[in-house]
Amino acid sequence: MWKAVVAITVCLAAGAAAAQDIKGGKDHPLLPRYEGSEIIRYDTDAFVDHPFLIAPVKGPGGLEKSKASAETLEGRRTRIIYRGPVNRSSLEVFRNYEAALKKAGFETVFSCVREECGGRHFSYTVSKVPALAAYDAEQRYVAAKLARAEGDVYASVYVVKSGAAGGPDKDRPMIQVEIMEMKPMEAKMVVVDSSAMERDIAAKGRVAMYGILFDFDKDTMRADSKPQLDEIAKLLKGQPGLKVLIVGHTDAKGAFDYNRSLSERRASSIVAALVRDYAIDRARLTPLGVGMAAPVSTNRTEQGRSLNRRVELVDAGV
């Protein structure tokens, strides 16, 4: 299996360029091109909001009637359209890009092939470029996310086999790569120190924290959560009479019951860590998951969703 992956990834060449590239066209540093491809369209925007497809589009009207199919992201957008080499299938090209995304640390958010994407409705939604939108029989799509401290990155790759009867596109795979680079969360929102927590709890009865991070779609805390756990433990040790609810919150993506369960499991993992690693009395800690039920911002933008994904300490009283 490992040898097969190596054989695939060698077809994606970092820093490769073709003489036929349009002027100003270049590969994105996070995702190389398929070997032998040439750039036929290239554009960037410093900061825009852009729909990122995360589900099939199976009816007419595109995103106007299928809003649940997309997530609106805000950030720097790069779109590159490649004309692939002759005698290469859309499947071969697509598998190479899947391997390249995985190698770069991306996690798949959504993927579809052929008619399950939504047929022509999907192709016209994902790309307005005729060389891609006009064909859908061999369409393949993947959307993926790379979580990183300097700002998350979303990438989508759409591959379709051209059905042109003649011209330079005849019998070639066409590839659209879109990259959205998100602005990082402000540093002041990441770790809340114990004195700030104490002030917020005294004034409002609760404090929100964004420095406890979990693996994607899991209740496993990441190692970089330790600074915030240290501060929570410092607060609790400094106030031995304080009992708290540890409340997990999610954004509105996904099913309500699933998000509520995930947020409760995550809250429980925080309690377990405080008891195990900091010797905090378990009787002082009550885990609670509310999912998306108590947002502090809109769930219609990535910035708003990032504010809603949080952990709160709530004063449980005497």
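Trainee: In what order do the four strands of the open sheet stand?

Mentor: The order is β9-β12-β10-β11, and the pairing is mixed. Helices (H or I, at least four residues) and strands (E, at least two) are DSSP runs, numbered from the N terminus. Two strands count as paired if DSSP finds at least two bridges between them. Please note that this is a predicted model: local features need pLDDT of at least 70, side-chain atom pairs count only at pLDDT 80 or more, and totals for chains, interfaces and linings use all residues. Residues are numbered from 1 along each chain as its sequence is written, and side-chain values use heavy atoms, with hydrogens and water left out.

Trainee: Which strands stand at the edges?

Mentor: β9 and β11 do; each has a single partner strand, so one side of each is left without a neighbour in the sheet. On average, neighbouring strands are turned by 20 degrees against each other, direction ignored. Axes here are lines fitted to C-alpha atoms, for helices over the stretch in contact, and angles run from 0 to 180 degrees between N-to-C directions.

Trainee: In what sense do β10 and β12 pair?

Mentor: They pair in the antiparallel sense over six bridges, and V244 stands opposite D315 in β12. Helix α5 packs on this sheet, touching β9 and β12, and its direction makes about 135 degrees with that of β9. Contact means heavy atoms within 4.5 Å.

Trainee: And in what sense do β10 and β11 pair?

Mentor: In the parallel sense, over six bridges. The bridge partner of H249 is G291 in β11.

Trainee: Which residues of β11 lie on its covered face?

Mentor: L285, P287, G289 and G291 do, while T286, L288 and V290 form the uncovered face. In a regular strand the side chains alternate between the two faces of the sheet.

Trainee: Turning to the largest nonpolar core, which residues touch the most other members?

Mentor: Of its 26 residues, these are I246, L274 and L313. Helix α7 gives the most to this core, with six residues. A nonpolar core is a set of buried Ala, Val, Leu, Ile, Met, Phe, Trp, Tyr and Cys residues joined through side-chain atoms within 4.5 Å. Buried means under 20% relative accessible area, exposed over 50%, partly exposed in between (1.4 Å probe, protein chains only).

Trainee: What is L274 in contact with, leaving aside neighbours within four places in sequence?

Mentor: Its contacts beyond those neighbours include L229, I232, I246 and L285.

Trainee: What is the order of the open sheet of six strands?

Mentor: The order is β3-β4-β8-β7-β6-β5, with antiparallel pairing. The edge strands are β3 and β5, and the twist averages 15 degrees from one strand to the next. Helix α2 packs on this sheet, and its direction makes about 170 degrees with that of β7.

Trainee: Is S90 buried or exposed?

Mentor: S90, in helix α2, counts as buried because its relative accessibility is 3%. A polar atom of the S90 side chain lies 3.2 Å from the backbone oxygen of E138.

Technical notes: A polar contact is a pair of N or O atoms within 3.5 Å; within protein, one must be able to donate a hydrogen and the other to accept it, and residues adjacent in sequence count only if both atoms are side-chain atoms.
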